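User: Hi! I'm new to this one and would like a quick tour. Can we look at it together?
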Amino acid sequence: MDHPLGLTPGKIIAVHLNYRSRAAERGRTPAVPSYFLKPASSLSWSGQPVVRPAGCELMAFEGEIAIIIGTRAHRVSPENALDHVAGYAAANDFGVYDFKHADLGSNLRAKGQDGYTPIGPAILKTDDPSKLWLRTYVNGDLVQEACTDELLFGFDLLIADLSRLMTLEPGDIILAGTPAGSTVVQPGDVVEVELENTGRLRNEVVADERPLPSYGVQPKVTDQLKSAAYGSTPVPGAEKAESVLTEEIIEALKSVSTATISSQLRKRGIDHHFIEGVKPARPDLRMVGIARTLRYLPLREDVFAEIGNGMNAQKRTVEEIQPGEVLVISARGNHGAGTLGDILALRALRRGAVGVITDGGLRDSPSFSSLDMPSYYGVAHAAVLGRRHVPMDSQIPVDCGGVLVMPGDVLVGDAEGVVVIPPRLVAEVARDSAKQEKEERFIYERVDEGASVDGLYPMNKAWRQVYEEQERAE
């Protein structure tokens with residue numbers, strides 16, 4: 001059956017990594033583009049089913065933009081590359097990770113199956129594709145959203161790069177990469193991809209009821225493949241990073257002061273753990289969570305113009321936050337601009353964040369007094385971050401308030417401030433902090449009764465015997 005848009009590609013070329021958000025999700029940023037081929041027989045269109053083979057479980061979508069070549073391109077320059085484009089369309093680069101083990105790099109059986117490259121429902125014609133919005137929905141929920149201003153390699157560079165070594169013929173298609181948010185879908189799920197206002201490319205995932213013949217490679221699933229397939233979405237049944245924070249530990253940490261935790265960390269040789277120069281927007285709230293870091297660098301106007309607008313590192317990090325995490329912003333202690341406002345803070349909260357910390361300025365600070373999420377900041381400041389900062393990258397070690405914060409560190413905050421606990425110590429620190437506070441309550445009560453602190457604080461042998469007897473009696 002002919003494609004409704006008349007597409008007849010001789011070749012379909014797909015880019016591996018091209019959106020900054022996806023590169024951050026994968027933990028690597030390529031210096032140059034790399035590609036793989038998809039057979040023309042994988043081409044499909046809106047309304048067609050996408051079949052998951054029997055025995056497979058890791059089918060993933062990738063909302064992308066298809067660049068449709070209009071005229072022959074051979075050794076064209078980036079300046080002239082877009083002259084060879086007929087138009088752009090929404091596309092979905094489906095794949096089953098269950099076959100990745102056999103064709104790593106080429107993706108032939110993982111992504112080259114019939115119907116795995118739906119494109120449509122319309123072709124967008126524009127002279128300037130530098131700010132096109134791409135959105136992907138699963139069962140009606142928005143799961144991917146990105147603008148082409150966050151591409152690592154623009155459409156012009158992709159065409160010029162490929163045409164150096166091969167001829168791009170009319171009808172050929174380049175899939176320009178996917179942003180963060182690609183993940184696994186199940187039979188019955190409906191995936192829709194939308195490019196600007198051209199309508200939604202709609203495809204339902206269905207299960208192939210026919211058994212896969214026993215000859216040839218068979219599906220295989222590993223923890224590594226699961227992690228790659230699910231992306232930033234938690235893998236069902238997998239141990240999560242925040243598993244160090246059991247409900248019992250969270251309650252214990254919320255019941256003790258940061259001062260007590262501080263003393264326990266010092267006993268373990270960790271003196272630099274208190275984030276300095278920040279204050280709570282809601283002193284009545286307690287905070288316990290896992291660090292997700294975001295780094296700002298000093299403003300340089302040309303760099304900000306390139307990477308600071310649109311879906312920049314700040315917004316991508318907010319959209320990648322997982323339940324139980326605390327957003328930690330390193331602003332170098334600079335108080336000359338805001339680093340976060342109430343809209344992004346609310347988005348973080350809706351994604352499950354349990355706190356926000358910045359050693360810089362906070363915009364819309366009055367709104368934070370009614371936001372049901374602990375927030376710590378250096379100063380209130382109305383100016384946007386572009387006045388002093390470039391949002392650079394996330395999930396790397398950062399300096400916040402003079403303290404090194406690692407992704408995955410445990411953060412505890414109260415009205416006094418915020419302390420950083422290494423994950424390996426969190427269980428024992430929680431336990432011993434609770435024990436210390438119980439002892440200190442005993443000391444406080446004795447002082448209130450008129451006892452001298454001599455021999456009581458800290459407790460000598462006699463007072464400890466009194467304390468232990470009281471404990472046994474209770």
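This is a predicted model: local features need pLDDT of at least 70, side-chain atom pairs count only at pLDDT 80 or more; totals for chains, interfaces and linings use all residues.

User: Why does asparagine 309 count as partly exposed?
Analyst: Because its relative accessibility is 40%, and partly exposed covers the range between under 20% for buried and over 50% for exposed.

User: Switching topic: at what angle do helix H12 and helix H13 pack?
Analyst: Helix H12 (residues 426-448) and helix H13 (residues 461-473) pack at about 110 degrees, and their axes are 11 Å apart. H12 and H13 are therefore roughly perpendicular to each other.

User: Which residues make that contact?
Analyst: On the H12 side they are Lys438, Glu439, Phe442 and Arg446, while H13 brings in Trp463, Arg464, Val466, Tyr467, Gln470 and Glu471. By type, the contact residues divide into five charged, four nonpolar and one polar.

User: Now the strands. In what order do the five strands of the open sheet come?
Analyst: The order is E4-E14-E13-E10-E11, with mixed pairing. Strand E4 (50-52) and strand E11 (141-147) stand at the edges with a single partner strand each, so one side of each has no neighbour in the sheet.

User: How do E13 and E14 pair?
Analyst: Strand E13 (residues 190-195) and strand E14 (residues 200-207) pair in the antiparallel sense, over five bridges. Glutamate 194 stands opposite arginine 200 in E14.

Conventions. Residues are numbered from 1 along each chain as its sequence is written. Side-chain values use heavy atoms; hydrogens and water are left out. Buried means under 20% relative accessible area, exposed over 50%, partly exposed in between (1.4 Å probe, protein chains only). Axes are lines fitted to C-alpha atoms, for helices over the stretch in contact, and angles run from 0 to 180 degrees between N-to-C directions. Helices (H or I, at least four residues) and strands (E, at least two) are DSSP runs, numbered from the N terminus. Angles under 35 degrees count as roughly parallel, over 145 as roughly antiparallel, 65 to 115 as roughly perpendicular and the rest as oblique. Contact means heavy atoms within 4.5 Å. Ala, Val, Leu, Ile, Met, Phe, Trp, Tyr, Cys and Pro count as nonpolar, Asp, Glu, Lys and Arg as charged, and the others, Gly among them, as polar. Two strands pair if DSSP finds at least two bridges between them.
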